[in-house]
Amino acid sequence: MQEENMVNVYIMGKQYSVPEALTIMDAMEYAGYYLKRGCGCRAGFCGACATVYRLGDGHELYVGLACQTKVEPEMYLAQIPFYPARKALYNLEDIKPSVADFAVLYPEIYKCLGCNSCTKVCPQDINVMQYISYLQRGDFSRAADESFDCLMCGLCTSRCPANIVQYQAALLSRRLHARYLVSPAPHLHQRIGEIEEGKWDGEIEKLVKAETSELKEMYNQREIEK
Amino acid sequence: MAYTPQMRELIKKVEATRPSRANNPFPRKTPEERQEVLKNHHPDYIEAGFREIKVGVSKGDRAPQEMADLIEAPSRLEGVDVDISEFAYDVDVLVVGAGGAGTSAALEAHEQGAKVLLATKLRLGDANTVMAQGGIQAADKPNDSPAQHYLDVMGGGGFTNVPELVKTLVNDAPLVIGWLEKLGCMFDKQEDGTMVTIHGGGTSRKRMHAARDYTGAEIMRTLRDEFVNRQIEAIEFSPVIELLLDEEGKVGGAVLYNLETERYFAVRAKTVILATGGSGRLHFQGFPTTNHYGATADGVIMGYHAGAKLAFMDTIQYHPTGAAYPPQLLGLLVTEKVRGLGAQPLNINGEQFTFHLETRDVESAAIIQECQKGMGIKTPSGIDAVWLDAPLIDYEQGEGTIDRQLPAMVRQFQRFGIDIRKDPIVIYPTLHYQNGGLLIDENGRSNVENLYVAGENSGGMHGRNRLMGNSLLDILVFGRRAGRHAAQVSKETEIKGKLNLDHIKDYSKQLEDAGIKTENTAPLVLPRYCEKTAETS
């Protein structure tokens with residue numbers, strides 16, 4: 001085992017000495033925090049643990065997911081457990097992928113000041129300001145593609161001087177893209193029709209009734225797609 | 001935390017064998033070899049890891065020690081003064097848990113016109129669902145069929161699965177994909193709309209549908225968005241602690257706990273759907289886990305207190321490819337999609353020792369065996385592990401494949417200075433999934449009247465081993481079915497007399513009669529990592 005080297009960190013202003021190999025999340029627990037808010041999947045997928053920090057005397061603010069960021073010496077950190085952002089309400093079946101419909105739901109995207117704070121703050125390295133500009137001109141497919149890796153942690157929104165809720169607007173663009181701008185899967189709808197007609201019921205029923213030995217034989221002999 | 005010089009030396013061996021391994025398939029194990037490696041090397045066969053449950057309706061069933069510790073503990077509410085004469089909510093359907101199963105159940109119950117309340121321990125969407133990367137199975141291609149899918153599921157589960165549940169799972173699969181497509185879920189597709197599908201461990205057809213390697217996250221954010229649009233009532237940070245029963249012993253509500261105000265309150269509900277997820281945070285046999293912070297078996301515990309039967313509680317899925325290095329990622333999931341795309345597991349000499357797409361139980365056991373033979377590599381923190389040759393994917397399929405297909409994985413390792421496009425990944429099996437749970441029927445009903453269960457806290461459809469891509473599927477198939485059925489039943493349901501917690505008093509009595517003394521109470525609600533200083537990722 002490696003020797004444990006300790007570093008000083010400041011969690012919401014209080015100093016703690018923690019092993020340097022820990023993530024911010026593990027360090028908080030090491031320090032004795034019983035996490036309720038600000039902790040979710042612990043693997044970088046849920047966006048619950050957005051954290052803002054600075055180092056030593058530096059004035060620069062950095063961000064990261066607490067579960068995916070290692071502690072550093074003299075780290076001053078705080079979590080953003082909740083942010084009161086608005087989500088537009090809609091019925092996807094009643095709207096179209098059009099600039100007009102989008103502008104009704106998220107009019108604030110046109111107030112973007114071009115400061116690029118959203119992009120700079122994104123822990124997923126998404127070009128947030130770029131997809132906002134795609135949205136402004138109704139290019140929903142490109143916005144969907146650019147924003148795809150978004151975890152909806154909300155850091156972009158917390159820094160936006162125009163109060164844009166980027167991650168919610170991005171989600172709508174992805175739903176519009178997938179619902180209206182790509183073709184439905186033809187083979188899927190063929191199969192759904194067959195299932196509804198009961199085409200496969202007989203074959204499955206035979207398997208349900210089969211003896212285990214018969215099933216095993218069929219399983220071991222089954223052809224495997226290359 | 002990039003690779004150490006010693007590890008870089010070993011990587012040279014991986015690179016040296018790569019050309020000869022490329023496009024040169026390693027033989028699959030025979031049925032006999034599969035059985036042998038399971039018996040000798042899978043954690044489910046370590047007797048000391050399990051014990052018989054001494055109380056309750058499934059007394060005599062085996063469960064992992066850590067699960068049995070909770071099952072054989074009195075309720076958290078024992079001795080607590082809770083006012084159950086007043087109700088903060090009075091609804092048709094109470095859904096417990098807001099992952100894929102709970103959210104789809106709530107959507108479907110709402111669609112049927114029921115008054116729905118969804119209560120969850122953390123935030124909407126905080127669940128293992130968002131962490132499921134690889135994909136979701138459905139037999140919707142011309143060369144495939146629900147019957148073919150059925151055979152794969154049964155074989156994967158060791159032919160122990162409940163046939164009716166498997167039939168439901170495979171038949172509903174294309175319907176679920178159609179539902180998601182219409183909700184605007186961004187599946188990987190070709191120009192003409194054809195779904196891009198690949199293999200998973202134990203599949204005989206390429207039926208794994210994906211949304212890059214954020215499949216579960218994409219499904220969850222779509223469902224959550226739809227849930228909020230429908231304005232269904234939800235309360236976050238409010239776990240359900242126990243069910244309430246009426247005078248006839250039917251479920252009629254629940255006691256909830258506000259995590260922030262630390263107050264208990266009661267909800268009356270004609271039907272309750274438990275969708276609290278799995279139990280990885282119990283760390284069976286000391287394994288690290290891929291699971292969400294909230295995966296503490298709460299649903300199994302409170303359902304069992306109320307008399308719901310268990311199934312397959314003694315079978316746990318270890319995902320063969322958990323990250324073993326860097327230490328910050330210990331135990332986290334390296335999606336099976338990496339193997340689905342062709343990456344092979346290799347020993348210290350850079351040699352492949354097992355077919356790369358055996359079912360998860362067999363693949364895990366083979367990796368454990370290789371390490372026990374002394375053929376693994378040791379990480380700087382002393383953990384035994386093997387290589388997973390991710391760069392082979394680009395080597396075989398062209399540069400850029402990894403970037404396109406595995407952006408989440410690339411990013412996760414890049415944060416710690418490892419480039420999986422260039423270097424292999426260090427892996428070891430990790431605690432991933434509870435194959436069993438509370439036994440349900442094809443509509444998600446438990447044996448307790450008006451109590452439904454959906455998702456990982458239910459059991460039966462996967463038998464003793466679940467295949468990749470069938471969990472995202474089962475949560476939606478049985479979540480939707482439970483929601484629909486509960487909504488219909490609630491229309492004809494009347495709650496009889498006063499709701500009560502007598503069952504937890506009876507349960508304590510049973511513990512006393514069995515001579516069990518313990519400091520534990522259950523459900524656990526959240527793991528207490530703040531009380532230890534070990535690595536917990």
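In which loop of chain B is B:His283 found? The legends below, which describe a predicted model, begin with this residue.

**Figure 1. B:His283 and its backbone angle.** B:His283 is found in the loop between β11 (263-274) and α8 (298-305) of chain B. The phi angle of B:His283 is near 50°, a positive value in a residue other than glycine. Most residues other than glycine have a negative phi, and most peptide bonds are trans.

**Figure 2. Two cis peptide bonds of chain B.** The peptide bond from B:Tyr325 to B:Pro326 is cis, and its omega is near 0°. B:Pro326 belongs to the loop between β13 (316-323) and α9 (337-340) of chain B. B:Ala522 and B:Pro523 are likewise joined by a cis peptide bond, with omega about 0°. B:Pro523 lies in the segment after α15 (502-513) of chain B.

**Figure 3. The open sheet β5-β7-β6 of chain B.** Strands of a sheet pair through backbone hydrogen bonds, either parallel or antiparallel. Here 3 strands of chain B form an open sheet in the order β5-β7-β6, with antiparallel pairing. The edges are held by β5 (136-137) and β6 (197-198), each with a single partner strand, so one side of each has no neighbour in the sheet. β5(B) is joined to β7 (residues 208-209) of chain B by 2 bridges. Across this pair, B:Gln137 stands opposite B:Met208 in β7(B).

**Figure 4. The open sheet β12-β18-β20 of chain B.** The order β12-β18-β20 describes an open sheet of 3 strands in chain B, and its pairing is mixed. β12 (310-311) and β20 (458-459) stand at the edges; each has a single partner strand, so one side of each is left without a neighbour in the sheet. Between β12(B) and β18 (residues 437-439) of chain B there are 2 bridges, and these strands run antiparallel. B:Leu310 has B:Leu438 as its bridge partner in β18(B).

**Figure 5. Packing of α5 and α6 within chain B.** Two packed helices are described by the angle between their axes and the distance between the axes. The axes of α5 (residues 146-156) and α6 (residues 163-182) of chain B come within 9 Å and cross at roughly 135°. The two helices are therefore oblique to each other. α5(B) passes α6(B) in a right-handed crossing. Residues making the contact include B:His149, B:Tyr150 and B:Val153 of α5(B) and B:Leu169, B:Val170 and B:Ala173 of α6(B). The residues of this contact of α5(B) with α6(B) comprise 8 nonpolar, 2 polar and 1 charged.

**Figure 6. Packing of α8(A) against α6(B).** A helix of chain A, α8(A), packs with α6(B) at an angle of about 135°, and their axes are 9 Å apart. That angle makes α8(A) oblique to α6(B). The crossing in which α8(A) passes α6(B) is left-handed. Among the residues in contact are A:Leu188, A:Ile192 and A:Ile195 of α8(A), together with B:Pro174, B:Leu175 and B:Ile177 of α6(B). In the contact of α8(A) with α6(B), the residues divide into 6 nonpolar, 3 polar and 2 charged.

**Figure 7. The contact between chains A and B.** Chain A contributes 64 residues to the contact and chain B contributes 70 residues. Each of α1 (24-30), α7 (166-181), α8 (186-197), α9 (201-209) and α10 (212-221) of chain A supplies at least two residues of the side that touches chain B. That side of chain A is made up of 35 nonpolar, 13 polar and 16 charged residues.

Technical notes: Residues are numbered from 1 along each chain as its sequence is written. Chains are lettered from A and ligands numbered from 1 in the order in which they are written. This is a predicted model: local features need pLDDT of at least 70, side-chain atom pairs count only at pLDDT 80 or more; totals for chains, interfaces and linings use all residues. Two residues are in contact if their C-beta atoms, placed from the backbone, lie within 7 Å. Helices (H or I, at least four residues) and strands (E, at least two) are DSSP runs, numbered from the N terminus. Ala, Val, Leu, Ile, Met, Phe, Trp, Tyr, Cys and Pro count as nonpolar, Asp, Glu, Lys and Arg as charged, and the others, Gly among them, as polar. Two strands pair if DSSP finds at least two bridges between them. Axes are lines fitted to C-alpha atoms, for helices over the stretch in contact, and angles run from 0 to 180 degrees between N-to-C directions. Angles under 35 degrees count as roughly parallel, over 145 as roughly antiparallel, 65 to 115 as roughly perpendicular and the rest as oblique. A crossing is left-handed if the near helix is turned anticlockwise from the far one by less than a right angle, and right-handed if clockwise.
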